[in-house]
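Hi everyone, thanks for coming.

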Amino acid sequence: MSELTPINFTRGVPAVESFPVRDITKAAVAAMLDYGDSLMQYGSALGFLPFREWLANWYGVQPNEVLTTNGSLQLVEFLSYHMIQPGDAVYTESPTYDRTLTLLRRHGATIVGIPLEADGPDMAALEAALKKRVPKFFYISPDFQNPSGSTHSLEKRKRVVELAEQHNFWLVEDAPYRWLRYRGAEQPTLFELARHRVLHMSSFTKIIAPGVRLGYMLGAAEVLAKIAKIAEDTYISPVFVAHGIAYEWCRRGHLPDQIELLKKLYAPRLDACLAALDKYMPDAKPTRPDGGFFISVQLPEGAPTTAVRAAAAKRALNLADGLAFFPNGGGERFLRLPFCALTPAQIDEGIGRLAESVNEVRSK
Ligand SMILES: Cc1ncc(COP(=O)(O)O)c(C=O)c1O
């Protein structure tokens with residue numbers, strides 16, 4: 001089988017062919033010629049002001065309610081410095097983004113995973129957890145969540161906000177996939193439902209490219225100022241050169257077209273993934289997201305992900321373990337399928353190999 005071409009369903013990376021290299025190059029030249037001095041100098045730890053103004057205008061907030069950092073993961077790190085003392089409780093969805101778990105653990109948080117259903121957190125489990133211990137914050141990803149692909153219903157969004165108000169904890173809403181809705185109606189963000197209660201995070205990683213290292217947070221100015229102080233003590237100011245280039249690209253009006261281009265590229269990949277699962281694994285019951293980067297599958301009884309991974313590796317199919325996404329254990333049969341960086345033909349071939357691998361493990 002060594003002649004098989006490798007297929008990677010491992011990381012949630014964007015498709016290389018989506019990178020707007022030509023327009024970013026033009027934006028880079030213009031930005032450096034027009035205001036290169038400001039980009040080359042130290043600046044505010046909150047980020048490059050013209051870009052914060054641009055984002056503020058896009059979202060309908062004030063510039064001091066926008067903080068930009070070198071990628072959005074770093075926001076989780078700074079926020080953890082700001083909010084967590086060792087032993088403090090933090091809620092996450094279960095499963096959740098594994099790198100956030102790593103950072104929360106690094107800060108000594110006691111992580112309570114709230115089981116995630118197809119339409120958002122299990123509300124009975126959330127209410128039961130709140131009776132035991134109120135968290136500093138609930139890290140939550142209501143749109144096309146990494147790793148499950150689930151999207152929260154309006155009803156659950158409203159109830160989560162109500163509970164946060166009632167019990168007085170923060171909601172940290174991580175929404176880098178929200179831009180990428182391929183069909184269906186958009187729901188309001190938690191930030192739109194309760195600005196004073198929510199810190200909203202997003203990123204240009206999935207829109208322009210990871211290489212610009214551009215994340216941002218929207219939230220109360222006084223909280224952002226405190227997080228910016230931690231940023232300042234860490235790196236003085238974020239990478240203005242990269243952020244200035246992204247700003248110039250946005251200022252030139254490329255963002256809406258880029259989002260449309262991504263939707264046209266990725267929607268058929270989502271459809272191909274669902275169609276292949278229906279064809280090769282009709283009992284799989286995958287999540288059926290309307291956007292984003294991920295579908296997830298609960299593998300059948302007798303097919304733990306670790307064993308399926310090993311069987312898949314023999315077929316040059318690379319899968320990620322599901323365990324790391326679960327803060328308090330579980331996930332033995334969980335499989336995340338990031339579909340954006342594969343063509344529909346590769347997806348069909350990959351899911352075919354996955355089905356063979358599952359059958360091999362189950363027949364042992
Ligand atoms: C939910 C979530 N948050 C944060 C990040 C980190 O993004 P960035 O590249 O902006 O640091 C990712 C990246 O995959 C992600 O999936």
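Before we zoom in, one term: a residue is buried if 20 or more other C-beta atoms lie within 10 Å of its own, exposed if 12 or fewer, and partly exposed in between, with C-beta atoms placed from the backbone. Another one: helices (H or I, at least four residues) and strands (E, at least two) are DSSP runs, numbered from the N terminus. Please keep in mind that this is a predicted model, where local features need pLDDT of at least 70, side-chain atom pairs count only at pLDDT 80 or more, and totals for chains, interfaces and linings use all residues. Residue numbers start from 1 along each chain as its sequence is written.

Let's start with helix α2, residues 49-59, where F51, R52 and L55 are buried. Looking down the axis of α2, the buried residues fall within an arc of 100°, so they line one face of the helix; that arc is taken from the directions from the helix axis to the C-beta atoms. What do the buried residues of α2 pack against? Their partners are β2 (66-69), β9 (215-218) and α9 (240-251), with contact meaning C-beta atoms, placed from the backbone, within 7 Å.

Now over to K131, which sits in helix α5, residues 123-132. Is K131 buried or exposed? K131 is exposed, because it has 8 other C-beta atoms within 10 Å.

How values were computed: Contact = placed C-beta atoms within 7 Å.
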